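Morning, everyone. Please put the sequence and the model up side by side, and we will walk through them together.

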Amino acid sequence: MLVMALPPRGDASADPPRAGGSHAGPKCVKQKPQRFLIRSNYLPHPRLHERSLRYRVEEYGHLDGIGPSGVNPHPVTYYLEHTTFLGLPIQVNRRITPAMRCVEAELARSCRRSPYTAKAIGGYRDYNSYRHGEVTNHLFGIAIDIDPQDNPCCGCVDPWPDNPRCKGHASSIYQRMAMPECWVKVFEKYGFYWLGHDQLQDTMHYEFLGNPDRLGR
Ligand SMILES: [Zn+2]
């Protein structure tokens with residue numbers, strides 16, 4: 001199931017977003033994931049797949065031997081930065097860090113009733129974890145995994161389906177993970193797509209599919 005639009009939530013929509021801590025307050029742009037960048041929308045259609053890949057190269061940098069050439073003079077590595085997220089070190093594409101700051105600030109403010117502390121996160125990867133021509137957004141530095149063991153990918157290849165959280169009946173995908181549903185709602189508010197909605201049921205994984213040009217830099 002895809003969740004394209006979210007109804008307003010009482011505890012997460014009342015106040016305008018603001019930055020926390022010592023960050024200079026970013027202008028937080030609420031936006032939805034762009035439909036043509038959502039995996040389940042483009043995968044069955046080679047042309048759409050190609051278009052999504054071209055967009056990602058244009059916006060986030062080119063990759064050796066993957067995707068079109070000549071549309072962005074800079075490699076992905078040009079855009080990478082080491083930063084922190086949720087108090088943990090991470091390397092990501094710097095074009096999405098404004099959105100990450102907005103998520104971070106709102107998680108602290110809006111998800112207090114369902115506390116959760118991330119213990120391990122991952123961002124940029126220099127290898128492709130997909131097969132059959134698909135390109136992971138970790139290669140572009142625009143995907144973030146949170147606590148893989150506690151938030152498994154039940155539809156991924158072995159041994160993932162053996163994770164205890166993937167066993168037995170679950171009436172909702174949110175029961176397959178430790179991360180609170182409130183976190184998903186907050187990420188989705190700022191242009192991140194949660195792969196828990198995908199047939200992969202990759203509950204640890206968020207990817208920024210909003211428009212980075214709207215993030216103010
Ligand atoms: Zn991931």
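First, the ground rules. This is a predicted model: local features need pLDDT of at least 70, side-chain atom pairs count only at pLDDT 80 or more, and totals for chains, interfaces and linings use all residues. Residues are numbered from 1 along each chain as its sequence is written.

Now the layout. The chain has five helices and six strands. Helices here are DSSP runs of H or I, at least four residues; strands are runs of E, at least two; both are numbered from the N terminus. From the N terminus on, the order is α-α-α-β-β-α-β-β-α-β-β.

How much of the chain is buried? Of the 217 residues, 38% are buried. Buried means 20 or more other C-beta atoms within 10 Å of the residue's own; exposed means 12 or fewer; partly exposed is in between; and C-beta atoms are placed from the backbone. Next, contacts. Two residues are in contact if their C-beta atoms, placed from the backbone, lie within 7 Å. Take the contacts with a separation of 6 or more: 61% of them are between residues 24 or more positions apart.

On to the strands. Two strands pair if DSSP finds at least two bridges between them. Strand 1, residues 80-85, and strand 2, residues 88-93, run antiparallel and are joined by six bridges. Phenylalanine 85 sits opposite leucine 88 of strand 2. Two residues lie between the strands of this hairpin. Leucine 86 is in that loop. Its phi is positive, about 55°, although leucine 86 is not a glycine. For comparison, most residues other than glycine have a negative phi, and most peptide bonds are trans. Leucine 86 is partly exposed, because 17 other C-beta atoms lie within 10 Å.

The other sheet is open and has four strands, in the order 3-4-6-5, with antiparallel pairing. Which strands stand at the edges? Strand 3 (121-122) and strand 5 do; each has a single partner strand, so one side of each is left without a neighbour in the sheet. Strand 3 pairs with strand 4 over two bridges, in the antiparallel sense. Glycine 122 has aspartate 145 of strand 4 as its bridge partner.

Now helix 5. Eight of its nine residues are buried. Helix 5 lies across strand 5 and strand 6, at about 145° to strand 5. Axes are lines fitted to C-alpha atoms, for helices over the stretch in contact, and angles run from 0 to 180 degrees between N-to-C directions.

How does helix 5 meet helix 4? They pack at an angle of about 140°, with axes 9 Å apart. Helix 4 brings Val103, Glu106, Leu107 and Ser110; helix 5 brings Cys182, Trp183, Val186 and Phe187. That makes six nonpolar residues, one polar and one charged. Here Ala, Val, Leu, Ile, Met, Phe, Trp, Tyr, Cys and Pro count as nonpolar, Asp, Glu, Lys and Arg as charged, and the others, Gly among them, as polar.

Next, the core. A nonpolar core is a set of buried Ala, Val, Leu, Ile, Met, Phe, Trp, Tyr and Cys residues joined through C-beta atoms within 7 Å. The largest one has 41 residues, and Ala99, Val103, Phe187 and Phe192 have the most contacts inside it. Helix 4 gives the largest share, six residues. Look at valine 103: leaving aside neighbours within four places in sequence, it touches Val186, Phe187, Tyr190 and Phe192.

Glycine 191 follows helix 5 and has a positive phi, near 95°. Glutamine 201 is in the loop between strand 5 and strand 6. Its phi is also positive, near 50°. Glutamine 201 is buried, because 21 other C-beta atoms lie within 10 Å. Then find the loop between strand 4 and helix 5, where proline 159 is. A cis peptide bond joins aspartate 158 to proline 159, with omega about 5°. Proline 164 lies in this loop too. Proline 164 is exposed, because it has 8 C-beta neighbours inside 10 Å.
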